[in-house]
Amino acid sequence: MSIVTENPRGSCVLGGINSTLSAVNKFCPIFHSGPGCGLQTSAGEAGQAGLKSPHFLSSVSLPCSLMLEREVVFGGIEKLTDTIRGSIDIIDADAYFILNGCTSGIIGDDTETVAKGFRAEGFPVYNIPTPGFAGDSNLGYETTISTFLSQLVEPGRPRQANLINLLGIFPYHDPYWAGTFEELVRIFSKLGLEVNTFFSHGQGIEHIKNAGAAALNVIVNPWLLQGEARKFEKRFGVPSLRFPGLPVGATDTTRLVRQVADALAIDGKLVEDVIYEEESYVYNYYETAIGALSWKKFAVIGDANVAIGMTHALANDLGFTPVVTVVTEPVSREADKAAIRDRIQDLEYVKGPDVVFATDNYDVGRALDEYNDVSLFVGSSLEREIAFNRDAQIFVAAYPITDQLILNRTYSGYRGAITLVEDLFNNL
Amino acid sequence: MPRTYSGIREQREYTDTYLDLAGSSLQIEQDFKKKCIKNADRTFSQSYQCQELNSISALLSVNDAVLIAHAPQGCVGCITMGADMYRVAQIHRGAEKITSPKILITNLDQSDVIMGGEGKLRESIRLASERYKPKLIFVFTSCASGIIGDDVDAIVREAQPDTEALIVPVHCDGFRSKICASGYDAAFIAISKFVLKGAVPKKEKGLINLFAPMTVSFADQLEIEKLLRRIGLKSNFLPFFSDYDKVLNIPNAEASTSICKVFADEFMKDIEHDFGIPYAHTVMPVGIRNTDKWYRAIAEITGKGDEVEEIIATEHARIQPELDKIKLKLQGKSVFICGGTGRSFAAATLIDDFGMKLLGIETPVYDLDAQDDIAFLNDIHGDYLIDVANMLPFEQVNIVNKLKPDVFIGVPSWSSRFGIPTTHILDPKRPTMGYDGIVWLGNKIAAQIENPGFNKKLSKYARLPYRESWYDEDPFKFIKEVI
């Protein structure tokens with residue numbers, strides 16, 4: 001059940017599907033919806049995730065059947081069919097996906113049959129039936145991965161012992177997704193691994209098709225993709241390693257590296273050599289910035305991945321004092337909430353922060369009102385207001401981000417650990 | 001007799017309206033005159049802007065209002081992104097505290113679609129009142145709320161007696177119009193009906209309602225207010241960065257004008273009808289001809305015709321040396337323009353100030369109003385290509401690739417990748433309007449043409465999603481006659 005939400009941090013299901021598909025090279029979303037959904041969902045996700053705009057199709061370049069009054073009354077299958085034909089005719093895509101807007105979902109257009117018809121003609125057209133109103137962008141991300149599993153991933157490919165699927169980092173909704181994938185792929189390749197990200201390094205349909213050959217899924221997320229992980233295991237025999245929270249800072253990055261290496265039984269000496277080399281790179285730089293960052297009592301406001309990653313890095317690696325962490329995603333299952341809370345509070349030296357779950361921006365504000373000793377807010381562009389009013393430092397590092405251009409910057413991984421310290425520096 | 005305009009622009013009876021049309025400008029002008037343009041539709045299209053976005057953006061910055069979107073979460077994507085523009089605008093205006101607009105979403109979901117979302121709307125109204133004690137609460141409808149048939153007006157009526165704020169429902173279901181500017185009309189119809197109805201005007205001599213959309217920069221606001229001040233007129237600038245009192249002040253004005261052709265044009269007819277306020281409906285004051293025309297129109301209805309001529313002459317003389325310098329750089333360059341209704345026509349006249357030549361224009365709507373502009377542009381530029389399209393990048397890339405203009409004016413996302421210089425005359429953060437705006441834009445265009453390095457280098461690696469074969473085809477092959 002959704003709740004009334006002020007200044008929501010996310011879009012609808014279509015927003016999640018659109019973000020996910022538009023991050024894959026040569027995938028073509030086709031909106032079967034009212035005229036504005038392509039633009040609204042692009043603005044709602046990519047538009048607020050550091051402004052980077054998907055290179056292939058996004059916003060007003062997304063094909064759309066433009067359902068108007070007539071289609072809402074009489075059905076829009078004919079217009080959808082024409083729109084798909086036109087898309088195939090002029091857009092050089094590897095696969096086409098029908099996205100169902102509220103209009104299509106409510107009137108019940110049979111888009112599944114349309115997709116099947118095109119596939120029978122040999123065209124790679126797939127339907128994602130979950131309509132816009134069915135939930136938020138997270139559900140859209142999960143639904144898209146699920147569609148990949150049921151429609152694209154090819155069964156029966158031989159197992160590749162050094163291949164992993166890196167999942168859980170939701171493109172565009174996580175503004176740093178591109179940089180994070182690049183950095184984690186860099187690190188994993190030093191362990192001799194090949195990585196399917198689907199979304200970076202020009203990856204596309206071939207990598208998705210081959211995902212069933214992977215030896216392991218690494219899901220960097222505390223709560224998303226649970227059903228998809230089961231599907232992967234059941235249908236393709238690929239087990240999943242769940243790493244809750246982004247690996248921000250050297251400590252959590254090393255933790256991730258060790259867990260992946262353990263799961264794949266990678267040669268211990270190689271692993272320790274890589275960790276030593278990477279950590280010394282980080283700490284040799286940190287050594288040159290001793291005293292540069294003044295001590296802070298901090299609050300983190302962000303989705304679960306950011307909430308965990310940032311709380312850990314600032315507390316464990318930088319010696320700051322955590323006060324409160326607000327998880328802004330609509331996490332409904334109690335077990336998920338408990339797991340997220342435990343992980344946030346699991347710190348090496350200091351007591352964990354209070355953890356609050358709030359999606360409504362007003363509730364976020366009221367929660368933070370309880371803590372008047374915060375001197376650093378790590379949050380989204382929305383938190384500028386509270387930081388400004390309370391004369392505290394603001395470090396914008398969570399969606400929605402509308403006041404920074406983010407291309408390949410990341411705070412994850414070893415390189416990200418250095419960027420983190422650079423960007424946290426504040427001379428005021 | 002009260003006006004009964006539905007707010008759906010394509011249904012206006014006094015004008016034919018075409019949205020799927022392309023061809024020679026001279027031919028289209030003739031055909032429109034003879035009423036022999038065929039009804040058509042595109043069998044393939046890319047996404048449009050929905051009217052709900054325009055409704056919300058029109059009222060986003062009414063300071064003492066809370067906005068409620070009766071919709072699933074995705075329907076405020078553009079607006080939460082647009083919140084940044086609102087924050088930046090506060091910085092430009094020197095605000096001491098930067099705030100975010102207050103937007104609540106009822107977050108319609110599966111069960112609401114079946115059972116109705118009326119309870120959530122009631123709850124939203126209650127939350128909006130409790131949290132912010134606003135003077136106004138705007139409620140915006142959506143595709144979902146419209147199709148499931150939630151009776152928004154009835155809920156508002158029920159809630160009003162217990163709510164201190166005035167609750168204003170705005171009917172802007174996205175699927176009801178293909179023209180996003182309909183959303184502006186929906187917002188103004190709601191203001192007429194719920195805020196201004198029955199108001200007794202206390203006329204203030206010299207007060208002008210100056211209607212402007214959110215994309216008008218503070219620099220432009222100052223420039224336009226200055227022009228009005230110089231002929232003794234005071235601006236009631238709204239609805240951008242206005243408040244309840246400024247809205248209530250509308251009936252008291254001596255006259256109205258707008259700085260965008262499709263913004264408040266129908267509303268100005270309403271308030272003329274309701275409160276006897278004359279209005280000037282002309283063009284966007286960008287470029288010499290348009291600025292003169294815009295200025296003269298408001299001067300004429302306020303009896304300032306003589307004063308304005310003197311100022312216009314002075315301004316022309318003042319900027320002429322600058323224009324001569326700009327013209328040396330731009331004379332003869334060919335241009336393709338893509339923009340919204342007001343901006344695209346304004347850009348097409350502006351380039352003539354610099355001696356540039358129009359090759360083609362993409363503009364969203366062809367109607368009686370557009371016919372005026374096109375007739376005027378045909379006199380200046382002769383024959384050129386018109387593509388009536390809401391951007392439609394697939395047509396744009398095909399046309400631009402064929403026409404090979406010296407410069408592209410508009411959203412540069414696609415044309416940049418061909419390596420040609422690109423520039424824009426829409427800038428919500430910097431000047432574009434009035435006499436100083438002309439010089440600013442001229443210098444900007446000249447500078448961007450002179451230095452195309454970014455686009456040129458990018459073009460070697462650029463990726464566009466279309467098949468090679470598309471560039472050889474008729475860009476308008478999807479426009480099909482509808483009977």
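At what angle do the axes of helix H11 (residues 249–263) and helix H13 (residues 304–317) of chain A cross? They cross at roughly 115° and come within 7 Å. The model is predicted.

**Helix H11 against helix H13**
- Two packed helices are described by the angle between their axes and the distance between the axes.
- From H11(A), the contact is made by A:Gly249, A:Ala250, A:Thr251 and A:Asp252.
- From H13(A), the contact is made by A:Gly309, A:His312, A:Ala313, A:Asn316 and A:Asp317.
- By class, this contact has 5 polar, 2 nonpolar and 2 charged residues.

**Domain 1 against domain 2 in chain A**
- In chain A, 21 residues of domain 1 are in contact with 21 residues of domain 2.
- On the domain 1 side, helix H1 (13–22) and helix H7 (137–152) of chain A each supply at least two residues.
- H7(A) provides the largest share of that side, 9 residues.
- The domain 1 side has 10 nonpolar, 7 polar and 4 charged residues.

**Chain A against chain B**
- Here 68 residues of chain A are in contact with 57 residues of chain B.
- Several chain A elements give two or more residues to the side that touches chain B, among them strand S1 (5–6), H1, helix H2 (37–44) and helix H16 (384–389).
- Also on that list are helix H3 (69–74), helix H4 (77–90) and helix H5 (102–107) of chain A.
- H2(A) gives the most, with 7 residues.
- The chain A side has 33 nonpolar, 27 polar and 8 charged residues.
- A strand pairing links the two chains: S1(A) and strand S4 (residues 103–105) of chain B pair in the antiparallel sense over 2 bridges.
- A:Thr5 has B:Ile105 as its bridge partner in S4(B).

**Strands S3 and S4 of chain A**
- Strand S3 (residues 95–100) and strand S4 (residues 125–128) of chain A run parallel, and 4 bridges join them.
- A:Phe97 has A:Tyr126 of S4(A) as its bridge partner.
- In a regular strand the side chains alternate between the two faces of the sheet.
- In S4(A), A:Val125 and A:Asn127 point one way, while A:Tyr126 and A:Ile128 point the other way.
- Buried or exposed: which describes these four S4(A) residues? All are buried.

Notes:
Residues are numbered from 1 along each chain as its sequence is written. Chains are lettered from A and ligands numbered from 1 in the order in which they are written. This is a predicted model: local features need pLDDT of at least 70, side-chain atom pairs count only at pLDDT 80 or more; totals for chains, interfaces and linings use all residues. Two residues are in contact if their C-beta atoms, placed from the backbone, lie within 7 Å. Ala, Val, Leu, Ile, Met, Phe, Trp, Tyr, Cys and Pro count as nonpolar, Asp, Glu, Lys and Arg as charged, and the others, Gly among them, as polar. Axes are lines fitted to C-alpha atoms, for helices over the stretch in contact, and angles run from 0 to 180 degrees between N-to-C directions. Two strands pair if DSSP finds at least two bridges between them. A residue is buried if 20 or more other C-beta atoms lie within 10 Å of its own, exposed if 12 or fewer, and partly exposed in between; C-beta atoms are placed from the backbone.
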